[in-house]
Amino acid sequence: MVDCALAPSQTALTLAKRLGADVIDRAPNDQLYLQPGPPALQLCQPTRPRCSIQVDFVQGRQAHRRRQLGHQHEAIAKACGLGQATHPHIVDATAGLGRDAFILAALGAQVTLIERSPVLCAMLDDGLERARHAGLDATLERMQLIEHDAITYLQSMRRTEVEVVDVVYLDPMYTGSRRAAASKELALLHTLLGPGDDAPALLNAALAAARRRVVVKRQRRAPPIANHPPHHQLMGRSTRFDIYTINPATSGDSAE
């Protein structure tokens, strides 16, 4: 849990009020803290492995993905059924740092990002605002961030049917081996969010809400969620996408 925001500035005061956190003038030694920008709002871990993360759609790895945009470069686009004439409404029910959601929106999908962590929502807001200043409005217009529990949100959408959800995308936390940089990031998020043991319930809610398919990002060798076999899989070097097609016998939907 994040209990403090570093630096007694107006930005920190506003952020602390939003999160119910304390404002301090020195980094703590033993707990996560938020460091307001510039350049960005960062979640920092002072204990080993020391690291920090931020939401950044403009620079670094995300900028490289954006420059390489094209369905042939992004397996996630194929998994979610994006095509030249197909622009589905996708609910990213585990928004996290928003990276996959941003790529899906940049490729033309309408993406609703659901994130229950107030800390990550604050970081996402910060990242989206900086992307807006960088002139990425066309993509941001297709993104909507909602702070909510994903299971409750999906169940509510199914009951009211106020909008059509074509695809639900899930990237639940897992603890398999990853390259070093990603392992530090994953460890920090695990400290913030906890073990994330609600994946089976989240999958069930997604299957009930999606009109076309549910796509789950998994470690390549990890078992399917709740050992629920998918209809299709797209394999990568370290990860894969499990694809659950709704009414597969009649819809004609596939991973192609």
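Glu185 sits in helix 8 (helices are DSSP runs of H or I with at least four residues, strands are E runs of at least two, and both are numbered from the N terminus). This is a predicted model, where local features need pLDDT of at least 70 and side-chain atom pairs count only at pLDDT 80 or more, while totals for chains, interfaces and linings use all residues. Residues are numbered from 1 along each chain as its sequence is written, and side-chain values use heavy atoms, leaving out hydrogens and water.

**The whole chain**
- You're looking at 10 helices and 12 strands.
- Of the 256 residues in the chain, 50% are buried (buried is under 20% relative accessible area, exposed is over 50% and partly exposed is in between, with a 1.4 Å probe and protein chains only).
- Take the contacts between residues at least 6 apart in sequence: 62% of them join residues at least 24 apart (a contact is heavy atoms within 4.5 Å).

**Glu185**
- Glu185 counts as buried because its relative accessibility is 18%.
- Its side chain makes a polar contact with the side chain of Arg99, at 2.9 Å (a polar contact is a pair of N or O atoms within 3.5 Å; within protein one must be able to donate a hydrogen and the other to accept it, and residues adjacent in sequence count only if both atoms are side-chain atoms).
- Setting aside residues up to four places away in sequence, Glu185 touches Ile53, Arg61, Leu97 and Arg99.

**Nonpolar cores**
- The largest nonpolar core has 45 residues, and Leu43, Cys80, Leu82, Ile90, Leu104, Met123 and Met143 touch the most other members (a core is a set of buried Ala, Val, Leu, Ile, Met, Phe, Trp, Tyr and Cys residues joined through side-chain atoms within 4.5 Å).
- Elements giving two or more residues to this core include strand 5 (51–54), helix 3 (75–79), strand 7 (110–115), helix 8 (180–193) and strand 12 (239–245).
- Helix 5 gives the largest share of this core, with 7 residues.
- A second, separate core has 24 residues, among them Ile151, Leu203, Ala209 and Tyr244.
- Leaving out neighbours within four places in sequence, Cys80 is in contact with Pro88, Ile90, Leu104, Val167, Tyr169, Arg213 and Val215.

**Helix 4**
- Helix 4 is mostly covered, with 7 of its 8 residues buried.
- Those buried residues are Asp100, Ala101, Phe102, Ile103, Leu104, Ala105 and Ala106.
- Just after helix 4 comes Gly108, with a positive phi of about 110 degrees.

**The second largest pocket**
- The second largest pocket has a volume of about 180 Å³.
- It's lined by 14 residues, and Thr11, Leu15, Leu41, Ala122 and Asp126 are the closest to its centre.
- Helix 1 (10–19) and helix 5 are the elements that give two or more residues to the lining.
- By class, the lining has 7 nonpolar, 3 polar and 4 charged residues.
- For the terms: on a 1 Å grid over the protein atoms alone, a pocket is an open set of points where a 1.4 Å probe fits, with protein on both sides within 12 Å along at least five of seven lines, and lining residues have an atom within 4 Å of a point.
- Volume is the space filled by probe spheres set on the points, which are joined across faces, edges and corners.
- Ala, Val, Leu, Ile, Met, Phe, Trp, Tyr, Cys and Pro count as nonpolar, Asp, Glu, Lys and Arg as charged, and the others, Gly among them, as polar.

**Two exposed loop residues**
- Gly20 lies in the loop between helix 1 and strand 2 (22–24), and it counts as exposed at 67% relative accessibility.
- Pro229 is in the loop between strand 10 (213–219) and strand 11 (232–235), and it counts as exposed at 56% relative accessibility.
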